[in-house]
Amino acid sequence: FNKFRTVFFFLILLGLFLSAGCGGMRGNNAATLQDRAQIEDLLVDYYTHLGAGGSDFSNFYVEDGILDVNGLVAQGKKPIEDLYKKAGEESPARKGTFRMLLNNLKIVVNGTSATADVIWTGVLSETVKSTPQFVEQGREHDELIKRNERWYFKHRVITSDGGLTGMFEKTYKPR
């Protein structure tokens, strides 16, 4: 009977400990989880427009944001938009459907700032019947800022690990 009472007492203490721990999740941790979800949505929205044309990518950045793609650096909304246009013009023409896959995402939120690290892979399917092909892959490190309940890129460093296009040959350095 004493063993039963000890186990029962332990289970009650464990239940109280776990419920107290979960109660804390409703505070700061819940806000952090919401911020992480918003940052994930930002990345998905950004990459959905990549290669589709017609999007103003500078809207994802703060006014003095920095974009560093393989060593080619642009700062400010206009230079960032110009870099996206130039990259679009100099990218190889792709026939079919192009998608970016994001994986190994790590987001660290610290109040109104955050970092995000991700591996990206470009996949091209020329037709619905053709076998998809990997056409590019790389990594990115993003510094983000939250303003007016919305997340923006402050500083992005994008590095190709495969499928490097010609416009970046002179500025590319392994990092």
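A charge is taken to sit over a ring if NZ of Lys or CZ of Arg is within 6 Å of the ring centre and within 35 degrees of the ring normal. The views below come from a predicted model.

**View 1. R156 sits over the faces of F153 and Y46.** The distance from R156 to the ring centre of F153 is 4.1 Å. For the ring of Y46, over whose face R156 also lies, the distance to the centre is 4.4 Å. Both rings, Y46 and F153, belong to one aromatic cluster.

**View 2. Seven residues listed here form an aromatic cluster: Y46, Y47, F57, F60, Y61, Y84 and F153.** The structure as a whole holds 9 aromatic pairs. Two of these pairs, Y46 with F60 and Y61 with Y84, are shown in the next two views.

**View 3. Y46 and F60 make an edge-to-face pair.** The ring centres of Y46 and F60 lie 5.7 Å apart, and the planes stand at 90°; an angle over 60 degrees counts as edge-to-face, so the pair is assigned to that class. Y46 is part of helix α1 (residues 2-49), while F60 is in the loop between α1 and β1 (61-69). The pair therefore ties together parts that are 14 residues apart in sequence. Y46 counts as buried because its relative accessibility is 2%, under the 20% limit.

**View 4. Y61 and Y84 make a tilted aromatic pair.** From centre to centre the rings of Y61 and Y84 are 6.4 Å apart, with 55° between the planes. Y61 is located in strand β1 and Y84 in helix α2 (residues 77-90). Y61 and Y84 are both buried.

**View 5. N148 and E149 have positive phi values in the loop between β5 and β6.** The loop holding N148 runs between β5 (133-147) and β6 (150-162). Phi of N148 is near 50°, a positive value in a residue other than glycine. E149 is in the loop between β5 and β6 as well, and its phi, also positive in a residue other than glycine, is near 65°. N148 counts as exposed because its relative accessibility is 79%, over the 50% limit. E149, at a relative accessible area of 62%, is likewise over that limit and is therefore exposed.

Technical notes:
Residues are numbered from 1 along each chain as its sequence is written. This is a predicted model: local features need pLDDT of at least 70, side-chain atom pairs count only at pLDDT 80 or more; totals for chains, interfaces and linings use all residues. Side-chain values use heavy atoms; hydrogens and water are left out. Helices (H or I, at least four residues) and strands (E, at least two) are DSSP runs, numbered from the N terminus. Buried means under 20% relative accessible area, exposed over 50%, partly exposed in between (1.4 Å probe, protein chains only). Rings of Phe, Tyr and Trp (its six-membered ring) pair if their centres lie within 6.5 Å; planes under 30 degrees apart count as stacked, over 60 as edge-to-face and the rest as tilted.
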